[in-house]
Each structure stands twice: as structure tokens, then as C-alpha cells.
Amino acid sequence: MLQIIIPFMYDSLECEAFDCISGMIRNLRVLSGEAINNSDSYELSKLEAILRNTPVLVFRRGVNPTGEMDIQRVMHDYLQAFFTEYKHPITIPGIIKDFKPDGGIRNLKAAIEFKYAGTEEEVKKSLSGIFEDASGYSGSFDWTRFYSIIYQTKHFETEDRIRSEMTRAGLITWRSFLVTGGDPHKPKKKRSLG
């Protein structure tokens, strides 16, 4: 076993190789838009937790969504309550056409898109919409992180397969969540009081 003895007069060690590698990793994170401080890291993890819990938050509000707008209304309230710099809608300017994500958190540079899928075909359509959004949102300096939430009413698809499609399409700055909520077409059973 190799032991390194540090004289008591030194309170730290320097390693040129470690410093060089750390600098390269830091630079790569900046280039990929992933350089974040501890506060932003905490807020991003809270954002992802809230987005993953979309079906629970919608259910607790007593909303039986039939479209994207029903989900947006609920989630705008929660996101605005938690994130001081949450805004909806936002605009990402293009040259010919401007793009409008459903909302965004300015200090995190995170834009958010909500999609609704009541059928297996609508899951595919939502994914196509995300691909279209991705091409319009790319190149923005104000918005560098992107989140999409596909709310499906039944387990039509898996999140792993959605992520695989996103990776195949090269959407590295996008995080996609596939969540499953209730079916609006299914009538609720009445409980008998007898």
C-alpha cells in the first residue's frame, strides 16, 4: 500500500493533471450549456420533480384533462408558485417565425412544453411536435435547457422508448418525461351509500 505523507505545513496539494482535467470538464459543461451553480442545480432538480409529478398535481386539483390547455393551467399555477422567474408564455425569436414554448424559467434558461395524448397516435404526434419545437428553439442564447412533458391517458408508450427517439434525433439539451394520468373518456363509478 502506497502512503503519501503530507508535511503539516501544507494545507493543500496541487496536482497539475487533476487541475487540467477539471478545467477541461468545466469548459465542456459551459459549451454544452450544463455549467450550473449549486442553487440552479437545486432548482433544476425541483423542476424535474414537479414535472414528473404532473399527473398527481392535475389529479389533486380535480381536473380531468381533455387537452393540453387543461394541463397547462394547472402546471402554470404550480410552477409560478415555486419559481420566482417562471413566465408563460415565452417567445423564442426566429428570423421568419417566432416560437412560443408553454412556459419557462428565465434564470435557469429552461423552456417547457406540455403535450397531451389520449391515444397511441397522439403520443406519436406529440413526439413529432417536440421534434418541430426542437428545431425552432435551437440556437437561442436565452433558453438553453428544454423540457417536454407528454401526458398520456393510458400506458401507450414507455419513457425509455421516448428518450431513445430523442437521443436518436440528437436532442441532447432536451429532457423528456412521459407521464400517465387518468382517462377522460372513462366514466367515474358512483359509490352506493347502501
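Helices here are DSSP runs of H or I with at least four residues and strands are runs of E with at least two, numbered from the N terminus. A few notes for a colleague follow.

1. Ground rules. This is a predicted model, in which local features need pLDDT of at least 70 and side-chain atom pairs count only at pLDDT 80 or more, while totals for chains, interfaces and linings use all residues. Residues are numbered from 1 along each chain as its sequence is written, and side-chain values use heavy atoms, with hydrogens and water left out.

2. Glu-159. You will find Glu-159 in helix H6, residues 159-168. Glu-159 counts as buried because its relative accessibility is 16%; buried means under 20% relative accessible area, exposed over 50%, and partly exposed in between, with a 1.4 Å probe and protein chains only. Setting aside residues up to four places away in sequence, Glu-159 touches Arg-52, Ser-176, Phe-177 and Leu-178 (contact means heavy atoms within 4.5 Å). Glu-159 and Leu-178 are 19 residues apart in sequence, yet their C-alpha atoms are 5.1 Å apart in space.

3. The sheet. Five strands form an open sheet in the order S1-S2-S3-S4-S5, with mixed pairing; two strands pair if DSSP finds at least two bridges between them. At the edges are S1 (86-87) and S5 (174-180), each pairing on one side only. S3 (residues 110-117) and S4 (residues 145-152) pair in the parallel sense over eight bridges. Ala-111 stands opposite Phe-146 in S4, and Lys-115 stands opposite Ile-150 in S4.

4. Strand S4. Eight of the eight residues of S4 are buried, so S4 is largely enclosed by the rest of the structure. Both faces are covered: Arg-145, Tyr-147, Ile-149 and Tyr-151 are buried on one side, and Phe-146, Ser-148, Ile-150 and Gln-152 are buried on the other.

5. Helix H5 and Asp-133. Helix H5 (residues 120-137) lies across S3, S4 and S5, and runs at about 160° to S3. For the angles in this note, axes are lines fitted to C-alpha atoms, for helices over the stretch in contact, and angles run from 0 to 180 degrees between N-to-C directions. Asp-133 belongs to H5 and counts as buried at 12% relative accessibility. Apart from neighbours within four places in sequence, Asp-133 is in contact with Glu-113, Lys-115 and Trp-174.

6. Helices H2 and H4. The axes of H2 (residues 38-52) and H4 (residues 68-82) come within 11 Å and cross at roughly 160°. That makes H2 roughly antiparallel to H4 (under 35 degrees counts as roughly parallel, over 145 as roughly antiparallel, 65 to 115 as roughly perpendicular and the rest as oblique). On the H2 side the contact is made by Tyr-42, Lys-46, Leu-47, Ile-50 and Leu-51, and on the H4 side by Met-75, Leu-79 and Phe-82.

7. Two backbone spots worth a look. Most residues other than glycine have a negative phi, and most peptide bonds are trans. Lys-109 is not a glycine but has a positive phi of about 55°. Lys-109 sits in the loop between S2 and S3 and is partly exposed, with a relative accessible area of 36%. A cis peptide bond joins His-88 and Pro-89, with omega about -15°; Pro-89 lies in the loop between S1 and S2.
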